[in-house]
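How might one read this model, moving from the overall fold to one helix and then to the surroundings of its ligand? The structure is shown here, and the explanation comes after it.

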Amino acid sequence: MFRIAPSILSADFAELGAEVRNVIASGADWIHFDVMDNHYVPNLTIGPAVAAAIKPHCVTPTGEAVPLDVHLMVQPVDELAMAFAKAGADLITFHPDAERHVDRTLQLIRDAGCKAGLVFNPAMPLDILEWTIDKVDIILLMSVNPGFGGQSFIDHTLRKIEATRKLIDATGRDIRLEVDGGIKVDNISRVASAGADTFVAGSAIFNQPDYKYVIDAMRGELEK
Ligand code: DX5
Ligand code: ZN
């Protein structure tokens, strides 16, 4: 039930296919794909062409598909979301403050055959969920301000995870609760205890040589 989603933002971009295969062979459940447009966030990363290029690498060594989890930090959202759906995204999350008609965007993503989700920055309230949660398959809580890997986990997020978990449980639906930013072996169990079930980790995994060692250690913390 727990999912570990390595963020390839901290991978070696010159070796992306090999990095994706390696981190999947090391136990990644999802591949987290950070899209930044130098407008919504002050950084510029990768687009639909790169998603399409890595899609064939998103399989386990035994041939099982590994979901491609696209986190859009872009404004506006709709056109790019559709391009990522075509490129092979399985899940698409976007920041509701980056698009005017959030209900429409969620519907567009679902109509394109993807799971749809909203992302909340550390300072952003959860209010909009009151009128969107029926169309949401995943909620992504940022535990850093978006734009860069390697930042420190912001502690007040833990209370927000607890609040979000309550909202999800009240729906009775299977909505994923993903947390992104500053997750390491030494804090993942606190994030899980607060109610998260899906954990993005970039620098903690890719900034050291043995991906399996870190992913196993994270899973060990989750199973304690
Ligand atoms: C930040 C991105 C994250 C980032 C996480 O804007 O959304 O996915 O890659 O990196 P770490 O795990 O290093 O905080
Ligand atoms: Zn992300």
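The paragraphs below take the chain as a whole, then a helix, then the ligand shell and the annotated residues.

This is a predicted model, in which local features need pLDDT of at least 70 and side-chain atom pairs count only at pLDDT 80 or more, while totals for chains, interfaces and linings use all residues. Residues are numbered from 1 along each chain as its sequence is written, and chains are lettered from A and ligands numbered from 1 in the order in which they are written.

The chain has eight helices and eight strands, where helices (H or I, at least four residues) and strands (E, at least two) are DSSP runs numbered from the N terminus. Its radius of gyration, taken over C-alpha atoms, is 16 Å, close to the 17 Å that the globule rule (2.2 Å times the number of residues to the power 0.38) gives for 224 residues, so the chain is as compact as a globular protein of that length. Along the principal axes, the C-alpha atoms fill a box of roughly 45 × 40 × 35 Å. Of the 224 residues, 43% count as buried, a residue being buried if 20 or more other C-beta atoms lie within 10 Å of its own, exposed if 12 or fewer, and partly exposed in between, with C-beta atoms placed from the backbone. Among contacts (C-beta atoms, placed from the backbone, within 7 Å) with a separation of 6 or more, 62% join residues 24 or more positions apart.

Helix α4 (residues 102-111) shows how burial can be arranged around an axis: Val102, Thr105, Leu106, Leu108 and Ile109 are buried. These residues cover an arc of only 160°, taken from the directions from the helix axis to the C-beta atoms, which puts them on the same side of α4. An α-helix has 3.6 residues a turn, so residues three or four places apart point the same way. The cover over the buried residues of α4 includes α3 (78-87), β4 (91-94) and β5 (115-120). Just after α4, glycine 113 takes a positive phi of about 90°.

Ligand 1 is surrounded by 21 residues, of which the closest are Ser7, Pro146, Gly149, Gly202 and Ser203; a residue is near the ligand if its C-beta atom, placed from the backbone, lies within 6 Å of it. The elements that give two or more residues to this shell are β2 (31-36), β8 (198-201) and α7 (203-206). By class, the shell holds seven nonpolar residues (Ala, Val, Leu, Ile, Met, Phe, Trp, Tyr, Cys and Pro), two charged (Asp, Glu, Lys and Arg) and 12 polar (the others, Gly among them).

The unreviewed UniProt entry annotates Asp34 and Asp180 as "active site", with positions given in the numbering used here, feature names shortened, and annotations that may be inferred rather than shown by experiment. Although spread over 147 residues of sequence, these two cluster in space, with a largest C-alpha distance of 10.5 Å. Aspartate 34 lies in strand β2 and aspartate 180 in strand β7 (residues 176-180). Beyond neighbours within four places in sequence, aspartate 34 contacts Ser7, Leu9, Thr45, His71 and Met73, whereas aspartate 180 contacts His71, Leu140, Met142, Ser143 and Val200.

The "binding site" feature of the unreviewed UniProt entry includes Ser7 and Gly149. Serine 7 is in the loop between β1 (3-6) and α1 (16-25), and counts as buried with 25 C-beta neighbours inside 10 Å.

Notes
Two residues are in contact if their C-beta atoms, placed from the backbone, lie within 7 Å.
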